[in-house]
Amino acid sequence: MKKISSSLLAVTIFIITTLMVLNVIATRYNHRIMEENRLLQVQAENIKVTVSQFAIVIIHNLDLGLRGYALFKDEKYLYPMKFASEDKDSIMQIVETSLASQHYPLEEFYTLRDSINAYVTFMYGLKELFDDNNMNEFFRLGNQDRGYHLWLQYETFARKINAFEDEVNALARQRYESAVRDNYLVQVLLLLISIPTLLFTAFHTHRKMAIEVALRESEKEKASILALQNVKLEQVVADRTQEIKEQNRSLQIQHEEITAQNEEITAQNDELHRHREELAAQNMALTESKKQQLEFYTRSLIEKSEIIDRISMELERLQSRAGEEQVTKFSDILNAHILTDDDWTKFKKTFEEFYPTFFANLRYRFPDITAAELRLSALIKINLSLKEAANTLGISTESVKKSRYRLKKKIALAESDSLEEYIRAIA
């Protein structure tokens with residue numbers, strides 16, 4: 001009978017523990033399902049809002065900026081157009097990442113993205129036509145109303161996205177409600193099973209307390225037996241204590257060996273730190289050497305420019321005295337490129353050692369920048385004046401002015417902005 005009661009008590013405790021563990025697991029699982037589906041609902045709404053920005057932030061702002069600029073001929077009205085072209089990539093990246101995470105087929109999205117990029121290029125082309133006062137071509141292309149066709153393409157895509165996200169939202173809501181129901185069912189099941197189990201446990205505990213009263217009497221008899229066992233146990237403890245002392249002495253020796261090893265590792269770390277400091281000093285010296293090489297090329301260009309100025313003055317003086325053929329030869333020498341292809345190759349190599357990302361940043365920001373514009377940008381970067389740049393490139397100062405104007409226009413700087421400050425700020 002006693003064995004049966006003990007078994008029932010053990011089974012009761014096991015049932016309660018199991019039910020509590022299952023309740024915690026089920027609650028955590030259902031909470032995770034509810035949270036995941038809540039996030040899916042939020043994500044679905046965010047995607048629909050972000051897709052709507054294709055029309056509001058990109059297409060509408062492109063049209064608004066160009067129309068305002070065409071009406072009032074003021075750069076400040078181009079802000080919506082610039083805002084649209086700057087933010088389109090980040091907006092489309094957000095939509096692409098979100099749709100990819102939902103396993104939505106992206107072929108139509110990529111088609112719309114390409115159309116939007118083409119439309120941005122088209123709008124900037126219209127702006128250039130307007131700036132060049134080519135109004136016939138401006139109105140001919142503008143009347144094609146490509147924005148309307150892009151809008152229709154966007155609406156078709158947006159309707160499909162909204163339908164897809166509504167389906168995702170409905171499925172998430174359904175799973176959310178199912179998880180809530182499951183959680184309630186687990187709680188009810190736990191309640192229905194726990195109440196009888198607790199009643200049985202209370203009954204069995206009452207009986208156990210009665211049995212324990214009888215056991216106390218038998219414990220007194222066992223006390224004398226335990227006293228004898230304690231004497232034996234104390235002897236065992238003393239023997240074991242001696243063994244532990246021996247082990248401690250062995251551990252002390254091992255500790256001393258480990259300490260010696262740690263000191264050796266510390267010395268090695270100090271040596272490694274010294275080598276790192278030497279390497280840092282060498283890197284600093286190398287950087288200074290590259291800077292001196294770039295300054296040498298810059299001084300060389302300036303000195304060549306000064307030579308051209310002196311030759312120009314001498315040429316003017318000789319025009320009244322020398323023959324036409326001699327003057328022509330002198331002019332050919334004067335108009336020759338100071339910065340030859342070989343000079344440019346050497347200069348570019350030294351320049352990139354000191355400014356390793358300058359050309360890459362320019363090409364990344366302005367993919368259609370030409371080699372001549374890159375060369376002009378490098379001369380601006382090293383602070384050559386207008387006249388020094390003209391002498392270096394073997395062209396007139398007026399040609400340099402025009403080249404700077406075209407570069408400034410390509411970079412899309414305002415009239416009040418400084419091309420030199422913009423170029424020198426590029427790392």
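The accessible surface of the protein chain in this predicted model comes to about 28600 Å², and 59% of that area belongs to carbon and sulfur atoms. Of the chain's 427 residues, 29% count as buried. The secondary structure consists of 12 helices and zero strands, and among contacts between residues at least 6 apart in sequence, 72% join residues at least 24 apart.

**Largest pocket**

- About 1500 Å³ of space lies in the largest pocket, whose lining is made up of 38 residues, with Tyr124, Phe366, Lys410, Ile411 and Ala412 lying nearest the centre.
- Several helices each supply at least two residues of this lining, namely helix H2 (79–101), helix H3 (107–131), helix H8 (358–365), helix H11 (397–411) and helix H12 (419–425).

- Aspartate 63, which lies in helix H1 (residues 2–72), is buried yet has no salt bridge, and the nearest side chain of opposite charge, that of arginine 67, is 4.9 Å away; a salt bridge would require the nitrogen and the carboxyl oxygen to be within 4 Å.
- Not counting residues up to four places away in sequence, aspartate 63 touches Tyr119 and Met123.
- Asparagine 61 also has its place in helix H1, and it counts as buried because its relative accessibility is 13%, where the cut-off for buried is under 20%.
- Leaving aside neighbours within four places in sequence, asparagine 61 is in contact with Ile56, Pro80, Met81, Phe83 and Ala84.

**Salt bridges**

- The count of salt bridges comes to 12, and three of these pairs are described below.
- Lysine 160 and glutamate 108 meet through their side chains in a salt bridge with an N to O distance of 3.1 Å; this pair links distant parts of the chain, with lysine 160 in helix H5 (residues 146–318) and glutamate 108 in helix H3, 52 residues apart. Lysine 160 is partly exposed at a relative accessible area of 42%, and glutamate 108 is likewise partly exposed, at 26%.
- Arginine 249 and glutamate 246 form a salt bridge at 1.9 Å, N to O, and because they are three residues apart in helix H5, about one helical turn separates them. Arginine 249 is partly exposed at 44%, as is glutamate 246 at 42%.
- Arginine 404 forms a salt bridge with glutamate 420, their closest N and O atoms being 2.4 Å apart; since arginine 404 lies in helix H11 and glutamate 420 in helix H12, the pair ties together parts that are 16 residues apart in sequence. Arginine 404 is buried, with a relative accessible area of 12%, whereas glutamate 420 counts as partly exposed at 23%.

Note on methods: Residues are numbered from 1 along each chain as its sequence is written. This is a predicted model: local features need pLDDT of at least 70, side-chain atom pairs count only at pLDDT 80 or more; totals for chains, interfaces and linings use all residues. Side-chain values use heavy atoms; hydrogens and water are left out. Helices (H or I, at least four residues) and strands (E, at least two) are DSSP runs, numbered from the N terminus. Buried means under 20% relative accessible area, exposed over 50%, partly exposed in between (1.4 Å probe, protein chains only). Contact means heavy atoms within 4.5 Å. Accessible areas come from the Shrake-Rupley method with a 1.4 Å probe; for residues, only the protein chains shown count as cover. Lys and Arg count as positive and Asp and Glu as negative; His and the chain ends are not counted. On a 1 Å grid over the protein atoms alone, a cavity is a set of points where a 1.4 Å probe fits but cannot get out, and a pocket is an open set with protein on both sides within 12 Å along at least five of seven lines; lining residues have an atom within 4 Å of a point. Grid points are joined across faces, edges and corners, and a volume is the space filled by probe spheres set on the points.
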